[in-house]
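Welcome, and thanks for taking a look at this one with us. Below is a short briefing to read alongside the model.

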Amino acid sequence: MFELLGIPPQALFGQLLLGLINGSFYALLSLGLAVIFGLLNIINFSHGAQYMMGAFVAWMLMTYAGINYWWALLIVPIVVGATGVVIERVMIARLYHLDHLYGLLLTFGLALIIQGLFRNQYGVSGLPYSIPTELSGGTNLGFMFLPNYRAWVVVASAVVCFGTWFAIEKTKLGAYLRAATENPTLVGAFGINVPRMITLTYGFGVALAALAGVLAAPIYSVNPNMGADLIIVVFAVVVIGGMGSILGAILTGFGLGIVEGLTRVFYPEASSVVIFVIMALVLLVKPAGLFGRTA
Amino acid sequence: MKLPSLILATAASLLMAGTAMATDIKIGVLNDRSGVYADLSGEGSVIAARMAVEDFDAATKGIKVEIVSADHQNKPDIASTIAREWYDQDGVDMIADVPTSSAAFAVNDVTRDKNKIFMDSGAGSADLTGSKCSPNTVHWTYDTWALAHGTGSAMVQEGFKKWFFITADYAFGQALEKDTSAVVTAAGGEVVGAVRHPFPGTDFSSYLLQAQASGAQVIGLANAGGDTVNTIKQAAEFGITQAGQSLAGLLIFITDVHALGLETAQGLVLTEAFYWDLNDDTRAWSKRFAEQNGGNMPTMVHAGVYASVMHYLKAVEATGGKETAALMDWMKANPSQDPLFGEGTIRADGRHVHDMYLFKVKSPAESKGPWDYYNLMATIPAEDAFRPLAEGGCDLVK
């Protein structure tokens, strides 16, 4: 049997697949960030906290109301997205005329407050959330045992990512949105309510984070720090993909998941830094990111 | 990600009873208050320290005790900055707890430098009383040698001889892997591989697959807290345990079992220094503790903070002051006695020696209610539980 760099091919396929699964989360989260940055010019640092809220709201629905996973997939993004709408209306909307830095500081502060509140209430050890029975178990692929739930995560994430990309780049609504970013005054003159559209866009970006949270709840422990651990990586993904580029965020998300997965095999100690090394290299060679447009 | 914010929370300052010859003592509880180890140490350790001060009745004995606390975020640089500030500016006399071995080493150095006292409960590395031992440090609750010999030997004796390690890549994980490997090979077992993951981690499936491919019988988890919880959960998800490999959680706290749930955790073998349901004394104390800790039972780290603060206060009373050398001499010369660990002694290298326990996690059917999690498999007597004095390489041992 031949070996690739000392690793049997079966093991390599397994690791590639795992990388793709982790990449699904990166893609979903960086997509939300890219949508918010691309259309609102806000660097949404509370994205990780909103992802965590997604997982927690799913847990609360299950624990206090007996609402199952499938309904949570629908309800949680709406609920958490609604909190996003409130935050945008009450706070973020006041910052559009200021530098990026203010939006970043505001959302970062919000993230710390949200995490602190959840930590105070639920501790850090994590809460159990089981995999829905329809998706428990797994399939033996020959080279690895693939849990059905993880396969579902990849599919769900790919569908949502493609749908979002399509809506923004190929539909009339998306065209309005992009136009409103370029020139809000002109678009407003055509009778389109630009502030409302911006608010809903933020709500949608937050809903994407919450959806990722629900998807993550059964496999990672539901704990207040789960978003904080992830958000920095996701920001690196967005920077590598090109700030604001929807397609860039999606492709880089999946791609870097795979790169990170392979690093875990060849040199696991470096797996937490490899993405940042790539970020540094990309910034040196292509400062606007792989898919970014230089202004 | 956390901001480098030092959130100093001054906890309890007890009123003194107005004795003329009062000694003022300031104890700093330094631990993880926001990260992966916050539930097993964190605020619970502050509660435990406060309970020790109350139970000792320090106020009527003319000792005025103030307790301060801070979050070291599991980072050695932050730990050493806080320790320095506490000793230099805030008049702290003793630092307690300090989980995360790398942070504990930092506090160990600063304490020796400033000639104060460090009573560790939360950290694991046995080097704290071995190659890095200090005349100013006491290591109370457990260490990697004790864990390796408790859980490691028990597993090897049951016939699990081929091991693979999933190790947290820092001082504690490395020490635990090293100590357990030694136990395994000494007992005729074999270590077929190891993978070291960045600390803290989220996704362990990649490492689990490598462990599976190694063909080992046992996957030794040389990590702790949330990392261990996630590894065990994902091992179940990826069918690792169903496919015939066993997991050996080398350091599992009761809070981890609580987070995992008995359905996932049942059957795990683990070594602990303390369990709330051991005897009437531990039950009574733990009940009082839980009332102040949101209903959550104490971990062995909390118990260790209580017992070590208690022993320290006894030394303050007996020596009538807070001169470091006199206190350390008294603490090492006199046996400790408390409701949680019973009788114990502190050796020349700073190691506190007491019985350790081997537990097996109950199945959901066996458990009678919340926090009823362990069956006692064996008591490891104090003289066998810890590394023999001569083998640690501590230069305080002549």
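Let's start with burial: of the 398 residues in chain B, 61% count as buried. Please keep in mind that this is a predicted model.

**Overall build of chain B**

- Chain B contains 13 helices and 16 strands.
- Its C-alpha atoms fill a box of roughly 70 × 45 × 45 Å along the principal axes.
- The radius of gyration of chain B is 20 Å, which agrees with the value near 21 Å that a compact globule of 398 residues would have.
- Of the contacts in chain B between residues at least 6 apart in sequence, 74% join residues at least 24 apart.

**Two domains in chain B**

- Chain B splits into domain 1 (9-142 + 278-355) and domain 2 (145-276 + 361-385).
- The C-alpha centres of these two domains of chain B are 27 Å apart.
- Where they touch, domain 1 of chain B contributes 31 residues and domain 2 of chain B contributes 28 residues.
- On the domain 1 side of this contact, helix H3 (101-114), helix H10 (280-292) and helix H11 (300-319) of chain B each supply at least two residues.
- That side of domain 1 of chain B is made up of 15 nonpolar, 12 polar and 4 charged residues.

**The largest nonpolar core**

- The largest nonpolar core has 227 residues, and B:Ala49, B:Val107 and B:Val309 have the most contacts inside it.
- Helix H1 of chain A gives the most to this core, with 17 residues.
- Domain 1 and domain 2 of chain B both give residues to the core, so it lies between them.
- Leaving aside residues up to four places away in sequence, B:Val107 touches B:Leu30, B:Ala79, B:Ser80, B:Ala83, B:Ile95, B:Val98 and B:Phe118.

**Where chain A meets chain B**

- This contact takes 32 residues from chain A and 33 residues from chain B.
- On the chain A side, at least two residues each come from helix H1 (9-40), helix H4 (100-122), strand E2 (145-147), helix H9 (226-241) and helix H10 (246-266).
- Helix H1 of chain A gives the most to that side, with 5 residues.
- By class, the side of chain A that touches chain B holds 15 nonpolar, 13 polar and 4 charged residues.

Technical notes:
Residues numbered from 1 in each chain as written. Chains lettered and ligands numbered in written order. Predicted model: local features only at pLDDT ≥ 70, side-chain atom pairs only at ≥ 80, totals over all residues. Contact = placed C-beta atoms within 7 Å. Helix = DSSP H or I, 4+ residues; strand = E, 2+ residues; numbered from the N terminus. Nonpolar A, V, L, I, M, F, W, Y, C, P; charged D, E, K, R; others polar. Core = buried A, V, L, I, M, F, W, Y, C linked by C-beta atoms within 7 Å. Buried ≥ 20, exposed ≤ 12 C-beta atoms within 10 Å, placed from the backbone. Domains from an automatic or database assignment. Rg over C-alpha atoms; globule rule 2.2 N^0.38 Å.
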